[in-house]
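Work through these exercises with the sequence and the model side by side. Each task is followed by a stepwise solution.

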Amino acid sequence: MAGHGFAEWTNGCGTQPQCDLVVTRDVVVTARFHPDIAVRTSGDGAGTVTGAPGCGGTSCSLPWGPGRSYQLQVVAGENSRFVGFVGCPDVRGSFCVIND
């Protein structure tokens, strides 16, 4: 699924992308996915988001799933100021901390 990352299997397969089963009866196995995290800057000022692979500009998409965490930092550009985060679960000044 574009824009989504693998999260886990139901029925005991865990969080590894591959699920091998020996089936001796009817069984339902479901793959669950988490949406990726979209990061972007907005407003009239200038700035960048850093702290994760693929981030280092004004936008990026981060895969999400079990065991993932990110500590994103906003760096305001010249003659700009950082106002705040929208949707960040844990704001620490100019940092947004996202943990599984």
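**Exercise 1. The sheet**

In what order do the four strands of the open sheet lie, and is the pairing parallel or antiparallel?

Solution. The model is predicted: local features need pLDDT of at least 70, side-chain atom pairs count only at pLDDT 80 or more, and totals for chains, interfaces and linings use all residues. Residues are numbered from 1 along each chain as its sequence is written, and side-chain values use heavy atoms, without hydrogens or water.

Step 1. Strands are DSSP runs of E with at least two residues, numbered from the N terminus. Two strands pair if DSSP finds at least two bridges between them.

Step 2. Read the order. It is 4-6-8-7, with antiparallel pairing. Strand 4 and strand 7 (91-92) are the edges, each pairing on one side only.

Step 3. Go through the pairs.
- Strand 4 and strand 6 share four bridges, antiparallel. Thr48 stands opposite Val75 of strand 6.
- Strand 6 and strand 8 run antiparallel and are joined by five bridges. Here Gln71 faces Val97 of strand 8.
- Strand 7 and strand 8 pair over two bridges, also antiparallel. Val91 has Cys96 in strand 8 as its bridge partner.

**Exercise 2. The disulfide**

Find which cysteines form a disulfide, and describe the link.

Solution. Step 1. Apply the rule: a disulfide is a pair of cysteine sulfur atoms within 2.5 Å. The count comes to one.

Step 1. Identify the pair. Cys88 and Cys96 have their sulfur atoms 2.1 Å apart.

Step 2. Check the handedness. The angle about the S-S bond is 110°, and the link of Cys88 and Cys96 is right-handed.

**Exercise 3. Cys13**

Is Cys13 buried or exposed? Which residues does Cys13 contact, leaving aside neighbours within four places in sequence?

Solution. Step 1. Locate Cys13: it is in the loop between strand 1 (4-9) and strand 2 (31-35).

Step 1. Compare with the cut-off. Cys13 counts as buried because its relative accessible area is 16%.

Step 2. List the contacts (heavy atoms within 4.5 Å). Beyond those sequence neighbours, Cys13 touches Cys19 and Leu21.

Step 3. Val29 is 16 residues from Cys13 in sequence and 8.5 Å away in space, C-alpha to C-alpha.

**Exercise 4. Positive phi**

Which non-glycine residue has a positive phi of about 60°?

Solution. Step 1. Recall the background: most residues other than glycine have a negative phi.

Step 1. Name the residue. Asn79 has the positive phi. Asn79 sits in the loop between strand 6 and strand 7. Asn79 counts as exposed because its relative accessible area is 78%.

Step 2. Gly93 has a positive phi near 70° in the hairpin of strand 7 and strand 8, which has two residues between the strands.

**Exercise 5. The largest pocket**

How many residues line the largest pocket, and which lie nearest its centre?

Solution. Step 1. Define it. On a 1 Å grid over the protein atoms alone, a pocket is an open set of points where a 1.4 Å probe fits, with protein on both sides within 12 Å along at least five of seven lines; lining residues have an atom within 4 Å of a point.

Step 1. Count. There are 29 lining residues, with Arg40, Thr41, Ser42, Phe82 and Gly84 nearest the centre.

Step 2. Assign elements. Strand 3 (37-40), strand 4 (47-50), strand 6 (69-76) and strand 8 (95-99) each give at least two residues to this lining.

How values were computed
Buried < 20%, exposed > 50% of the residue type's maximum accessible area, 1.4 Å probe, protein only.
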